[in-house]
Amino acid sequence: MAHAHTHKVKRYSGIKDWLTTVDHKKIGILYLIAGGFFFLVGGLEALLIRIQLWKPMNDFVSADTFNELLTMHGTTMIFLAAMPMLFALMNAVVPLQIGARDVAFPFVNSLGFWTFLFGGILLNVSWFAGGAPDAGWTAYAPLAGTTYSGDHGVDYYVLGLQIAGIGTLIGGINFLVTIINMRAPGMTFMRMPLFTWTAFITSALILFAFPALAVGLAALMFDRLFDGNFFDPSGGGNAVLWEHIFWIFGHPEVYILILPAFGVISEVISTFSRKRLFGYSSMVFATILIGFLGFMVWAHHMFTTGLGPVANALFSIATMLIAVPTGIKIFNWLFTMWGGSIKFTTANLFAVGFIPTFVMGGVTGVMLAAAPADFQYHDSYFVVAHFHYVIVGGLILGIFAGLHYWWPKMFGRVLNETLGKLTFWTFFIGFHLTFFIQHFLGLLGMPRRIWTYLDGLGFNEMNMISTIGAVLMGFGTIFFLLNIVTTSFKPKNASGDPWEDGRTLEWTIPSPPPEYNFAQTPLVRGYDAYWKEKMEGHSGMTPAEPIGPIHMPSPSILPFFMGLGLFIAGIGFMYAQDWGNLFDGFKLGYAIGIAGLLILFLCMFLRSVYDDHGFHIEEEEILRDKGGKA
Amino acid sequence: MAMMVLVLAACGREDLSTLNPQGPVAEEQFGLMKLAISIMLIVIVVVFAITIYVIIRFRRRSGDKTIPKQVEGNHKLEIIWTVIPIIMLIILGVPTVQSVFNLSKDYSKDPEAVQVIVTSHQYWWEFEYPDYGIKTAQELIIPTGKTISVKAKSADVLHSFWIPSLAGKIDTNPGANVNAMYFSAPKEGVYLGKCAELCGPSHGLMDFKVKSVDESSFDRWVAAIQEPVALPSDPAVAAAFESKCLSCHAVGDMGGPAYPNLTGIGSRESVGGILVNTDDPKYDNEGSVYDNLYRWIENPDDVKPGNQMGKIDLTEQELDGIAKYLSELKLNYEQ
């Protein structure tokens, strides 16, 4: 690659930089901004839902709007908020934790972000185009078919998620390859930090689960756009088939979401207890086992579908088994703290708050696993409470912990602790206020996804408490935003190891790290690589290579246009039936759709024929950076 | 813990709460719930206790620079917290499997059981008694103590048939995908039923009632609902009723089968499943039978958005006459 030295250094600044970047750290920030934005949108939808339900027989929103809100709240939070915020953390941290200079496929990484973003925007355009999807985030047929959802709402769901799903799938593949191939010398699998491990297993789950979603969405797209009959019983299709396909994706998706949160908690608790993670190898084993079992339990979402006693019994037992590795994790965290020296930073408050909260979500999960009892819980507010305990109480608390913990690494500034603690307490108390009581609403007979409820059924007070809790969670989120804004005006002065107890490789480099992350690839001599060096009295890592020119990938605008092309194609095909003919017998919508796909293919063609070898950052610049930061 | 279970048992309305079961099926399910809750409370107590102890005992004093002992793990402890949960899961798993098979018993050939075919529609419930050749809607009349053997299906989208105080739910699937369940109500009374699967805008309003009556009343109901019914006495109202109502609905042996059968609607507990009939209205959804019928017919979309009836073009007199006529369509089977 000696000839590559002659290539010009390509660097952009400002908006152009953000549109073309292939740097995992910047893509992580893009994921965070987009995911954070959709989190606010989904949160607003949640608040509207809770306002509608705060009193009986309320008509704050119409029944139609309510179904749109509940569908978009679920879809947005899962696909457009939670997943991207996890990808934000994975992008920001995983390459640093394994001592890599970037992910394996930087271009693909950028493509993953832009397809996710355009898919997410497409989904939300539906609000302004005559109606959002309204068949629930599960989009069960036949309600999601054209017979019962005649407008374009569900089309947006199908195409928006399909496009966003491409981004997730290629993102997952990218992290698998990165973690397998790009670890620094000495960073064996059993020395990897637990967050990297969970990112690895999550990526493997994405690899196997998202194709199922893609197939299901493609089939539903054929039903909706081209008069297919996969799921329409009146045409010989089968509605239960969709349930299977959806949950074969949907259940692993739950673990795709929660495993990285487990990883965050492991890092944060270990750091702020100044202790090695208790039972590291059993933690790794438990993560793999949860990932594996996650594929064996999808039908526990379908106990009432009528699969028969044999299936129900088997899926009950398989589901209960997941409690064992999850329990191992819980106790390992507790015994990591045991005997430690625990510092309650905001990040650690979120992590410690996570443990009992997640356990509450976990035990209701085991309760739900008992099929006959699930006949009572299923599709009631008990289930709503359960999955919010695992997703908000688990995943979102985990994300908050991770954001507070790695914020200085991502942005070079430590978030304000006072505002952080205020965020934690309002969000945490608001969360329990909102969802704890919903267990009882469900047990007392309140079904989920209901637009309103009658007076005198005994649901009134509990719903009002739940709504008050939701408002508190809103305040918690506002405090967090306030913290981000005020912190962004502070000087960028975070040290490389701002918590002083950092254990892993990301804390050995400046905050934020230079473009190339590691001036010299570090030599890893054990688990908790940085901590080991500190304990042996070294000030940093032993380098595994001399300082020399570093090869970097070139930025590219192509991923942005590929996402845009898919967006245009989606809109075109969706409205082909409405927009009439461009010329005789050829619909305008198809023309637009094909134009969108042509943009995509043109970008792919350009990417294939134009060989860009990237550029090198020369020794002088690296030495200058080192000097400046010392 | 026993206290907790006791508190739970006292929770909620007798006709609606899963925690206050009124029949053997819900009882069995509640039993399993209590077992699971008890086991899970042990887990919660242990985890909370360790958490609280740890965060108080091991919090960092300010200025503390000591490095705690770096423990790699502990085989004995790790085996304990693997094995004990497995034992707990066996304690829960065995009765779960037993109950799964117990609740899947087939009563469809049992001559002692009452056979009912439940068909769900957007947004109402049709109940057919194949042995008696009866179809009714919104209110399932059952004889006290008898096993009710249900075959459940849907005429349109997915719905789910749920009577929380009597039995857990079963989905109603479209196509030939018929599900079966059974339940019984040892005590007389009216139990609230709900649709538990998102089925459209009025999903939350798709309520029904299960009314358990003694066996002789049930027999009288079976006979009464098959009696012929007279048209409204006022010929103008009768004409409107025939042309505008009977095209879809049936009363007695007249009318069409596609939409809810109205025979005996005057003696049902509610109109449209949610407008509760009472002479002492307390809430917005309560009123006399006549008021409820009037309100429903005047604008069904106000009561259940998105339902398929739509506004019927009726004069004030026709509306009043039909509401009055229907409110007087009573089946006198209770004594």
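With which residue does Lys421(A) form a salt bridge? In this predicted model, in which residues are numbered from 1 along each chain as its sequence is written and chains are lettered from A and ligands numbered from 1 in the order in which they are written, the partner of Lys421(A) is Glu417(A), with 3.8 Å between the closest N and O atoms. Local features were considered at pLDDT of at least 70 and side-chain atom pairs at pLDDT 80 or more, whereas totals for chains, interfaces and linings use all residues, and side-chain values use heavy atoms, with hydrogens and water left out.

A salt bridge is taken as a side-chain nitrogen of Lys or Arg within 4 Å of a carboxyl oxygen of Asp or Glu, and a search of the whole structure finds 24 of them over all chains. Lys421(A) and Glu417(A) both belong to helix 14 (residues 417-443) of chain A, where they stand 4 residues apart, about one turn of the helix; helices (H or I, at least four residues) and strands (E, at least two) are DSSP runs, numbered from the N terminus. Lys421(A) is partly exposed at 31% relative accessible area, and Glu417(A) is likewise partly exposed at 27%, where buried means under 20% relative accessible area, exposed over 50%, and partly exposed in between (1.4 Å probe, protein chains only).

A further salt bridge in chain A joins Glu536(A) to Arg525(A), the closest N and O atoms being 2.4 Å apart. This pair links distant parts of the chain, 11 residues apart, with Glu536(A) in the loop between helix 16 (529-535) and strand 2 (542-543) and Arg525(A) in the loop between strand 1 (522-523) and helix 16. Glu536(A) has a relative accessible area of 41% and is partly exposed, as is Arg525(A) at 31%. In chain B, the side chains of Arg13(B) and Asp15(B) meet in a salt bridge of 2.9 Å, N to O, in which Arg13(B) is partly exposed at 32%, whereas Asp15(B) is buried at 16%. Salt bridges with shared partners also join Arg525(A), Lys532(A), Glu533(A) and Glu536(A) into one network.

Attention then turned to the backbone. Most residues other than glycine have a negative phi, and most peptide bonds are trans. The peptide bond from Ala141(A) to Pro142(A) is cis, with omega near 0°, and Pro142(A) lies in the loop between helix 4 (106-125) and helix 5 (153-181) of chain A. The bond from Ser511(A) to Pro512(A) is also cis, with omega near -15°, and Pro512(A) is placed in the loop between helix 15 (460-488) and strand 1 of chain A. A positive phi, near 60°, is found at Arg449(A), a buried residue with a relative accessible area of 10% in the loop between helix 14 and helix 15 of chain A. In chain B, phi of Gln138(B) is near 70°; Gln138(B) is buried at 8% relative accessibility and sits in the loop between strand 3 (134-137) and strand 4 (139-143).

Chain B as a whole contains 8 helices and 15 strands, and buried residues make up 54% of its 335 residues. Along its principal axes, the C-alpha trace of chain B spans about 95 × 50 × 40 Å.
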